[in-house]
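Please open the structure in your viewer and keep a selection panel at hand.

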Amino acid sequence: MIEIKKVNNRPLNLLERIYVWEIFKGFLVTARHFFVNLFCPGKIITIQYPEITRPLEHAAKRRTRHRLKMRANGTPKCVACFLCATACPAFCIHIEAGEFTSSQVEKYPAVFDVDLSRCVMCGMCVEACPEDAIAMDTEVIPGGVLKREDMYLTRNKLLQNMPGDPSIKGAANRLA
Amino acid sequence: MPKITIDGKTIDLPAGATILQAAQALGIYIPRYCYHPALSVSGTCRMCAVEVDKAPKLQIACATEIADGMIARTDTAAVKKARKDVLEFLLANHPVDCPICDQAGECSLQDYYMDYGLHKSRVAPEDKIQRSKHRAAGRYLVLDNERCILCTRCVRFCDEVTKTNELTVSGRSDASFIDIREGKSLDNDYSLNIAELCPVGAFTSRDFRFKQRVWFLKRIKSVCTGCAAGCNIEVHYNENTVYRLMPSPNPETNTWLCDRGRMTYKALQAGDRLRKAFVKKGSMEIEPAIRHAAHLLDEAARKTGPESVVVLGSPYLSIEDNLALAELAATSLKTSNLCLDFPREQGVKDGILINKDDAPDANGLKLLKARYAGLDQGALIELINSGRIKLIVAEARALSSLKEKLRELSNIETVILAVTKSDLDFESACVLPYAANFETEGHFVNYKGLLQKTTPSVAAPDGVKPLWTVLSKLSSCTGAPIRLEDAAELRERISEFIK
Ligand code: SF4
Ligand code: SF4
Ligand code: SF4
Ligand code: SF4
Ligand code: FES
């Protein structure tokens, strides 16, 4: 909850105008943090992100790095219908459809890239997917990488099932 | 003439018109699947039911002829219920494959479901009848029987338009399905029209399949340059790529489009598309190649006189490009050896669309011939075969069309203008590429004398320019420019031909 703090803009009194006393008060704050950090590391507020992260709460888990689900036979559930790419407000999903000759599910994503450096983590792609093929529940928060390419997810990096998968939802599944 | 009132609006139409046509004239939309303005009425889908006064039950608008004093309504509760029920029947066994269906986005089932249906399916997915999926049907089509709603538009098209009768409805009642007749295969010259007129995703195009979702496509009207018919088309493109061509019906030219015409866009992406010039079989940037071509022209004129150079017009090129060729001969090379005479047999070949003449602009070339005269084709061939000619400037397909009549060209140098390598029939000292008809505006005159123009939809590869620009640059390098540097100059010069 954000609190509103009203600033009191009264004129400075003599002690404040002398300045030295106020500086000394400031030093006390710095010194307190220094000694707390030195002697009780458990109370440090700052987190060394990205090496350390805080556990995510509730719905926040559903706004983490994408993944593409797989069917039990190891094929991607995604059928390259382009609905996620259409819904994406950041235009960061790039898909190229391929044709399955061996499976009744005629269509699969030959290319499926998500550019996380442009993604706004809105979750619209998950919402739009009619095949329940894309999810944002990996609990990995993107960012804190050293190379731009690490923000670019390709199909093979995205394909990953979680414990409990594969789900059976999605119209094309009956054909698989 | 009978007078009919639909939803309170009245109209007079000649006897024989149907309620659906009357509604269309009044601007009232009646949903339909099996009705198609260019095919016979079959009345199989029942989607167009309307209420007619004094009729005991709902009538189908596509097959009911209007009568004087008839009063029809399309907005009553009974009509709405009928539409909803028809949709529920049509969708009872429908797979709802939309995510893998190419029709999604332009599917009447989707559209009408949102407009009139919105029902919950009462048939569980596992109880739906399963049928054959993605069955290959001829060169260009794929048939998915599960998605078919048995409107028989495809059957009627093959029976009435192409008269090749490849399709039929097999089986009875709810086991009926669209089938290819025994011993036939669906490969008439117009088969891709079936993918288009199928209101659902049962017939889809193998060529367009999965390439792009239809809602991403932008559309622009243009003209097909596959033959002299001059069919009007709609180019569907996105992000500088053409994905498919569709007919843009025009009573003067076409309702349908032939398969070959639909595939003309392939030249743009073909592996042998010329993106660079060729000089003695070596690839070269376009600008230096133009200078090289100018050098060849200068050399020939200097050594053996301007009369040793021939310039050919082409029935495959637009009026603009032929004008530039004619100007190149007259102004720049100052040779009288210009040939604009390409007599071609014209006329509808198969009684539908395809023309005997596969060149789109033989008649446009005649307009230029009236102004620039030039040699007759016979005289030209004689001249070339006589051995007095040292250099030919020509468009690739025009030169190829004379191949049989010409003797060995090996000791004549050529500057050839081409879009793809496969058009090249001759070894050439210099090949210059130019922008295709999807990349630049050009005027064409079809076999009936109708003047039409193509509209650019995508950009030409880097550095590739319209032919008239290429020729203008070429002429500047020879020192006698034809002055066709920008579109305004071009417009002024061709205005006399495109009145
Ligand atoms: S989360 Fe939002 S921005 Fe990111 S890929 Fe999905 S739709 Fe696009
Ligand atoms: S919406 Fe789902 S099925 Fe469609 S392309 Fe995206 S991930 Fe694949
Ligand atoms: S025909 Fe295709 S797009 Fe239309 S409803 Fe059926 S599956 Fe969906
Ligand atoms: S295949 Fe298409 S056009 Fe033919 S009957 Fe079925 S739905 Fe109609
Ligand atoms: S459109 Fe009238 S019955 Fe199909």
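Select ligand 3, which sits in the second largest pocket of this predicted model. A pocket here is an open set of points on a 1 Å grid over the protein atoms alone, where a 1.4 Å probe fits and protein lies on both sides within 12 Å along at least five of seven lines. A molecule sits in a pocket if more than half of its atoms lie within 2 Å of the pocket's grid points.

Next, display the residues around ligand 3: His94(B), Asp97(B), Cys98(B), Cys101(B), Ala104(B), Cys107(B), Leu109(B), Gln110(B), Arg147(B), Val200(B) and Gly201(B). A residue is near a molecule if one of its heavy atoms lies within 4 Å of it. This shell comprises six nonpolar, three polar and two charged residues. In this classification, Ala, Val, Leu, Ile, Met, Phe, Trp, Tyr, Cys and Pro are nonpolar, Asp, Glu, Lys and Arg are charged, and the others, Gly among them, are polar.

Regarding conventions, residues are numbered from 1 along each chain as its sequence is written, while chains are lettered from A and ligands numbered from 1 in the order in which they are written. Local features need pLDDT of at least 70, side-chain atom pairs count only at pLDDT 80 or more, totals for chains, interfaces and linings use all residues, and side-chain values use heavy atoms, with hydrogens and water left out.

Move to chain A and select ligand 1. Which residues are the closest to ligand 1? Among the 14 residues that surround it, they are Cys88(A), Cys119(A), Cys122(A), Gly123(A) and Cys125(A). The shell holds twelve nonpolar and two polar residues, with no charged residue.

Return to chain B for the sheets. Strands are DSSP runs of E of at least two residues, and helices are runs of H or I of at least four, both numbered from the N terminus; two strands pair if DSSP finds at least two bridges between them.

Select the open three-strand sheet with the order S6-S7-S10 (chain B), where pairing is antiparallel. Strand S6 (135–137) and strand S10 (203–205) of chain B are at the edges with a single partner strand each, so one side of each has no neighbour in the sheet. Strand S7 (residues 141–143) of chain B is joined to S10(B) by three bridges, and Val142(B) stands opposite Thr204(B).

Now select strand S3 (residues 49–52) of chain B. Two antiparallel bridges join S3(B) to strand S4 (residues 59–60) of chain B, with Val50(B) opposite Gln59(B). In the hairpin between them, Lys54(B) takes a positive phi near 75 degrees.

Finally, select Lys356(B) and Glu345(B), whose side chains meet in a salt bridge (3.7 Å, N to O). The term denotes a side-chain nitrogen of Lys or Arg within 4 Å of a carboxyl oxygen of Asp or Glu.

Terms used. On a 1 Å grid over the protein atoms alone, a cavity is a set of points where a 1.4 Å probe fits but cannot get out, and a pocket is an open set with protein on both sides within 12 Å along at least five of seven lines; lining residues have an atom within 4 Å of a point.
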